Amino acid sequence: MSIGGVLTLLRPEFPDISISKIRFLEAEGLIEPQRSPSGYRKFGPADIERLRYVLRVQRDRYLPLRVIKDQLDAMDRGLEPAGPTPAESARAQDAEGDPDSAGREGTTVLLDRPGLIAAAGIQDTDLARLEEFGLIQPRRPRPGAGGDGEQALVYDGDALVVARLVAALGRYGVEPRHLRQTKAAADREAALVEQIVAPLLHRRGARAKAGAEETVRDLLALTSRLHTVLVTTALAPRLGR
C-alpha cells in the first residue's frame with residue numbers, strides 16, 4: 001500500500017495523521033516500510049499494524065517515542081510490551097480516555113458556563129482567570145438558539161480541552177497568568193500558518209480546502225515538534241545533559 005493509501009485507511013481512527021507524521025516516525029526508526037525501485041514507500045499489513053500501534057499508544061498512553069521504540073523492540077524479540085505505569089493510568093483517567101477528543105475534527109461540543117466548569121472539573125473563578133488571560137474565549141450560539149446576554153454565551157470543545165490542560169498544569173504550580181506568553185506565541189504561530197495557507201484558501205473546490213487542511217496539519221505537527229526540541233535543548237544544561 002502507498003503512503004496515501006495508509007492515510008486513507010488510518011484517518012478515520014486518527015484524524016490528525018499526515019504524511020509528515022508518518023515520515024517522522026520512519027526517521028525516528030519506529031516504522032520501516034519497504035521502498036520500490038523508484039523510491040516510493042510500500043506498506044505491508046505488518047507495517048500498517050505497527051504504525052497503528054504507535055499511534056494508539058501515543059494517543060492513549062502519552063508515551064514518548066523512545067519508550068514506544070523500546071516496546072516495539074521487545075515485541076520484535078517476542079516479548080510482551082510493558083503495560084501502563086501508574087502515572088500513565090492516572091493521566092488517562094484524568095483525561096477521561098482522550099483529553100483532546102472534545103476538540104477533534106468532526107466532534108461538536110457546545111457547553112454553557114456551568115457545563116464547561118463541570119466537564120473540566122474546575123471552579124468558576126478558574127474559568128474567570130482563563131478568560132482574563134485570553135486562554136478561553138466564549139462565543140455566542142448561532143441565531144435562533146435562544147437566550148441573550150451572558151447566559152447566551154457557549155464554549156466549544158477546544159475550550160474544554162484548554163481548561164483540562166491548564167487544570168493539569170496547575171498541579172505543577174502553573175497558573176493561567178504564567179501562560180500569557182504561550183498564548184501570545186500561539187497567536188503568532190496561527191498568523192504564520194494563516195499566511196502560508198492563504199493562497200490555498202483563495203482557491204475554490206473541495207480539493208483546495210482539503211489541501212489547506214492537510215497543510216495546516218503538517219505545519220502544526222512540525223512546529224509542535226520544533227517547540228518540544230527547543231524547550232528540551234534549553235533545559236538540557238540544567239538537567240546535566
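## Contacts along the chain

Among contacts in the chain between residues at least 6 apart in sequence, 57% link residues at least 24 apart. Contact here means heavy atoms within 4.5 Å. This is a predicted model, in which local features need pLDDT of at least 70 and side-chain atom pairs count only at pLDDT 80 or more, while totals for chains, interfaces and linings use all residues. Residues are numbered from 1 along each chain as its sequence is written, and side-chain values use heavy atoms, with hydrogens and water left out.

## Overall make-up

The chain has ten helices and four strands. Both are DSSP runs, numbered from the N terminus: helices are H or I with at least four residues, strands are E with at least two. From the N terminus on, the order is α-α-β-β-α-α-α-β-α-α-β-α-α-α.

The chain has 241 residues, and 29% of them are buried. Buried means under 20% relative accessible area, exposed means over 50%, and partly exposed lies in between (1.4 Å probe, protein chains only). The accessible surface of the chain is about 15500 Å². Carbon and sulfur atoms account for 56% of that surface. These areas come from the Shrake-Rupley method with a 1.4 Å probe; for residues, only the protein chains shown count as cover.

## Helix α1 and its buried face

Helix α1 spans residues 3-10. Its residues I3, V6, L7 and L10 are buried. Seen down the axis of α1, the buried residues fall within an arc of 100°, so they line one face of the helix. The arc is taken from the directions from the helix axis to the C-beta atoms. An α-helix has 3.6 residues a turn, so residues three or four places apart point the same way.

The buried residues of α1 pack against α2 (19-27), β2 (41-42) and α3 (45-61).

## Two nonpolar cores

A nonpolar core is a set of buried Ala, Val, Leu, Ile, Met, Phe, Trp, Tyr and Cys residues joined through side-chain atoms within 4.5 Å. The largest one has 20 residues. L10, I17, I22, L51 and I68 have the most contacts inside it. Helices α1, α2, α3 and α4 (65-76) each give two or more residues to this core. Helix α3 gives the most, with five residues.

I68 touches L30, V54, V57, Q58 and L63, leaving out residues up to four places away in sequence. A second, separate core has 15 residues, including L111, A120, I122 and L135.

## A serine in α2

S20 sits in helix α2. Its side chain makes a polar contact with the side chain of S18 at 3.1 Å. A polar contact is a pair of N or O atoms within 3.5 Å; within protein, one must be able to donate a hydrogen and the other to accept it, and residues adjacent in sequence count only if both atoms are side-chain atoms. Beyond its neighbours within four places in sequence, S20 is in contact with D218 and A221.

## Salt bridges

The count is 13 salt bridges. Each is a side-chain nitrogen of Lys or Arg within 4 Å of a carboxyl oxygen of Asp or Glu. R35 and E26 form one at 3.3 Å, N to O. R35 is partly exposed at 44% relative accessible area, while E26 is buried at 17%.

D156 pairs with R139, their closest N and O atoms 3.8 Å apart. D156 lies in strand β4 (residues 155-156) and R139 in the loop between α7 (124-132) and β4, so the pair ties together parts 17 residues apart in sequence. E175 and R177 meet at 2.8 Å, N to O. Salt bridges that share partners join E13, E49, R52 and R56 into one network.
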